[in-house]
Amino acid sequence: METILETDKLTKRFGQFEAVSNLNLRVRKGSICAFLGQNGAGKSTTLRMLLGMMRPSEGAAYILGLRIDDEADSVHIRQRVAFVAEDKHLYDYMTVQQILRFTKSFFPRWKDGLENELLQRFELPLDRKIRKLSKGMRTKLALLLAFARGSEFFILDEPTEGLDPVATEMVLQAVVSLAVDGATIFFSSHQIAEVEQIADHVLMIHNGKLVLDSPLDRIKDEYRQVQAVINRPVQEHDFKLDGVERVYVDGSTVSLIVSHNVDAVMDRAHELNAISVEVAPLTLKEIFLETVKARL
Amino acid sequence: MLFYKAWVESRSRFIFGAVALTALSVLFVRLHPILIPQWQVALQDPHAIKPQWLPLGVSDYRFYVWHFLFDFRLQNLWVLFAIVLSFGGLLREDANGTAVYSLSLPVTRNRWMISRVLIAFLETSLLSCVPALVVPIASVSVGQSYPIGQGFAHGLLMAGVGSVFVGLAALLSLVLRGEYTPLVVTVATLAVPYLVLQEWARRVSWARKIDIAHVMAGPWLLTWGSVPWLAITGVCLLTMLSLGLAARQGRRLEF
């Protein structure tokens, strides 16, 4: 499948601190790709590099085949990519109508129909100054300004932050509609439930490094928690197998987080004379927490 | 639309500047009938301290207007507003959080800067025309007349030479981070030396050669032949250099 975003050892340093380290990402065309990570993991730095706001210290990245660190290419990227930043600050001296008119002028493929539909759905007052909008209203306006651009690729940093559950649902539906129409979505979120609801691929970074890159279905199918009761002393290295992400030993009980290769792990437990072996699926939230914990 | 944004951002400062320059122009015109009798008395008093310009100030209304407005207070106020109107840009937007939105639009950083600087040039040029329109009208109320052409000539000279303040303020706007601190620092960096030099040049004649206020004022009767072309060329080069450095600095910034 065609790749819309590709990074090659993308690195960003601030002095001695490496905020993003040798990042190799791939986002396939037409996918809804979630970009997960703790606060400070390097998500926003990565997104800002992709949009030409920061220069990479090393490595390269391409969006729609265009180089992010070339000024002319970067303008073409921003012509075809819609970005919603985490903080969603807009020009507060403009009215809703003024910022719509202003933004629209840069995008020849602006979708007037979608603009009107979202204006109604989000109940945004055209003549109100942005400084007088609530945080939720500003978030909705920022999303409208991105969605109506007619872009092929949407980069959304915490798109539903500050929204109530009803508005969140509306936004998620709008995101899915964009994908149905052929757009590619790359979004970061701390709301794991939202990720599970709409994403088809998950990328996770921790301390600037990619720690998970997998389709969501595969994660759900393959990530398992294996719990074994073994009537003899067990060490962590007894389960040093491909696919074992984390091992907790508590007396005779061994708890394992397994990303794949569950059968081999169960075989090893039986080899160690396990009294009982139980396998349970993991939620994405548990997988996220375990992946992060494993690297602390 | 970039011009529209730059205008919406700065229009309240521009309107405030226009009102301030109008008020100052009217004030000095209305002071004329009050000051002239006092100066006439001073001229006849052998013990009074009389500045060199006083006889001409009493006898020629055009000199009076030039001396108090284009060579002094009005010019000072115009310089202040030139700096204030040139203040802004992506670093200020970064301080109030909107830079990311601006930078997500398909616009080069040079275009952002150029649109803002061109609006600042336009606004400062329009401000320089305020006295040219206000003084001839206000003069009628004190029984005087002032040629509108002379007002425009002085105004445009002030704006042309004063464009260096726009260029330097644009450069400093891309060097200093923050929302209002850069404005204070820019005013201190540009306006204070300008005022000190202007005051110094009033007492030391050779200092006039490096006094930009003197060049901005020009001769009191400005004719095509008396326009300081060499100084204007020098100042334009300095403005272009400032803008070139600002463009380079703008490309290097990270947000």
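Two strands count as paired if DSSP finds at least two bridges between them. Strands (E, at least two residues) and helices (H or I, at least four) are DSSP runs, numbered from the N terminus.

This is a predicted model, where local features need pLDDT of at least 70, side-chain atom pairs count only at pLDDT 80 or more, and totals for chains, interfaces and linings use all residues. Residues are numbered from 1 along each chain as its sequence is written, while chains are lettered from A and ligands numbered from 1 in the order in which they are written.

Let's start with the sheet in chain A. Six strands make an open sheet with mixed pairing, in the order S7-S8-S9-S4-S10-S11. At the edges sit S7(A) (81-84) and S11(A) (209-215), each pairing on one side only. From one strand to the next, the twist averages 15°. S7(A) runs parallel to S8(A) (residues 153-157), with four bridges between them; A:Val84 has A:Leu156 in S8(A) as its bridge partner.

Contact means C-beta atoms, placed from the backbone, within 7 Å; angles, from 0 to 180 degrees, are between N-to-C directions of axes fitted to C-alpha atoms, for helices over the stretch in contact.

| Helix | Strands touched | Angle |
|---|---|---|
| H6(A) (165-180) | S4(A), S8(A), S9(A) | about 145° with S9(A) |
| H10(A) (284-293) | S4(A), S10(A), S11(A) | about 30° with S10(A) |

Now for chain B: 18 of its residues are in contact with 20 residues of chain A. On chain B's side, H1(B) (2-44) and H6(B) (99-103) are the elements giving two or more residues, and H1(B) gives the largest share, four residues.

Technical notes: Contact = placed C-beta atoms within 7 Å.
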